[in-house]
Amino acid sequence: MLPSLSDAFGLGAVSDRRFLAHGLMNQNWRLVTAAGVFALKEITDVPLPKVRRNLAVLLDLAREGIPVPAPLSAADGDLVAEVGGHGYCVLPWVDGEHLQGTDLPLDQVRDLGALLGRLHEGMRRHGPGPVPEQAPVAKVRDVTEADRAAAGLLSRLPSAPVTDFDKAAAEALHDRRGLLARYADARPDGEVPAGPYGWTHGDFQYRNLLRRDGRVVAVLDWDRLGVRPYGEEVARTAQVQFGVGGAFDLDRVAAFCSGYRSVIDLSEGDLADAVRRLWWKRLTDFWQLEFYLDRQDLTFGQMFLTDEALLNWWTDRADEVQAAYAAR
């Protein structure tokens, strides 16, 4: 496989190959070659035409000075090479580290919000296609459906839990069903979110950001590039970056949103709608536990428990969270 890919992308002799174990979905390697140091990615969870479309956007964004790695083209001009029934892409290796949002000083948090705004602006010009005239629809899950899903997951856990995780997961599901019953009337109205929309990254968070010397040097993993409300990505990014240890760092949420709104004019009402919809999505969704049960990967199980603690904290302090997101 590797000699074929090296020939396809003109990498020359490979002197070192290291598998990167921290990816949750695709498989990645660091390659040292005669042509330089590169990241090789095997694409496993996204259709190859979509990957080609997304990689082409990076070329334009990189030319504007936005910190994204510009993918290499194969000898035939394709950004994806297919070898042995699998698709691969190659990007220049970027040295940096992944830092959780709560580890950043406030000025870097504001800069991060402004960077997301710049990305959205850049994709207005260089998105992979026109933005639809109709706003995207976001499914709002019904309480009855969510409760049924919780009951189904409970039935998949051991009836007499033995491990600490199974005990904690069962307790969390019982508590979630109580929350669903208590807040059934808080379901957002309609399936069309408020505010402006356009091409967005889709997973702008610390696992996909490389930092060096106090700034972001690479935004990675563009597999989920798509048209969404801007408020949705702002709300989700702030939650993943600053909802750590079962609580929001509200000062950093405020700094991040202030930085973003210095670039993109997102109204307080539009952002409030996005935050409420995100809370409801977290209340009615169980994807991490589903992944754990399907794949038996405890990483997703621990994500479920961590996010469960945050959901409860968030629900109890909804007004404080909304105020932090509204910061200018």
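These are my notebook entries on a predicted model.

**Entry 1: R252.** I looked up R252 and found it in helix 7, which covers residues 250-261. Is R252 buried or exposed? Its relative accessible area is 17%. The cut-off for buried is under 20%, so R252 counts as buried. I then listed its contacts, leaving out residues up to four places away in sequence. R252 touches G101, T102, L104, P105, L106, V109 and F242.

**Entry 2: aromatic rings.** I counted ring pairs and got 11 aromatic pairs. I took F248 and Y325 as one case: their ring centres are 6.3 Å apart and their planes stand at 80°. Planes over 60 degrees apart count as edge-to-face, so this pair is edge-to-face. The pair links distant parts of the chain, with F248 in strand 11 (residues 247-248) and Y325 in helix 11 (residues 318-325). The two residues are 77 residues apart. I checked burial as well, and both F248 and Y325 are buried. Ring pairs also join F248 and Y325 with W313 and W314 in a cluster.

**Entry 3: a charge over a ring.** I looked at W93 next. Which residue has its charged end over the ring of W93? I found R30 there, with its charged end 5.2 Å from the ring centre.

**Entry 4: strands 7 and 8.** Strand 7 (residues 209-212) and strand 8 run antiparallel and are joined by four bridges. In one of these, L209 is partnered by V219 of strand 8. The two strands form a hairpin with two residues between them. In the turn, D213 has a positive phi of about 55°. Strand 8 spans residues 215-219, and four of its five residues are buried, so I noted this strand as largely enclosed by the rest of the structure.

Methods. Residues are numbered from 1 along each chain as its sequence is written. This is a predicted model: local features need pLDDT of at least 70, side-chain atom pairs count only at pLDDT 80 or more; totals for chains, interfaces and linings use all residues. Side-chain values use heavy atoms; hydrogens and water are left out. Buried means under 20% relative accessible area, exposed over 50%, partly exposed in between (1.4 Å probe, protein chains only). Contact means heavy atoms within 4.5 Å. Rings of Phe, Tyr and Trp (its six-membered ring) pair if their centres lie within 6.5 Å; planes under 30 degrees apart count as stacked, over 60 as edge-to-face and the rest as tilted. A charge sits over a ring if NZ of Lys or CZ of Arg is within 6 Å of the ring centre and within 35 degrees of the ring normal. Two strands pair if DSSP finds at least two bridges between them.
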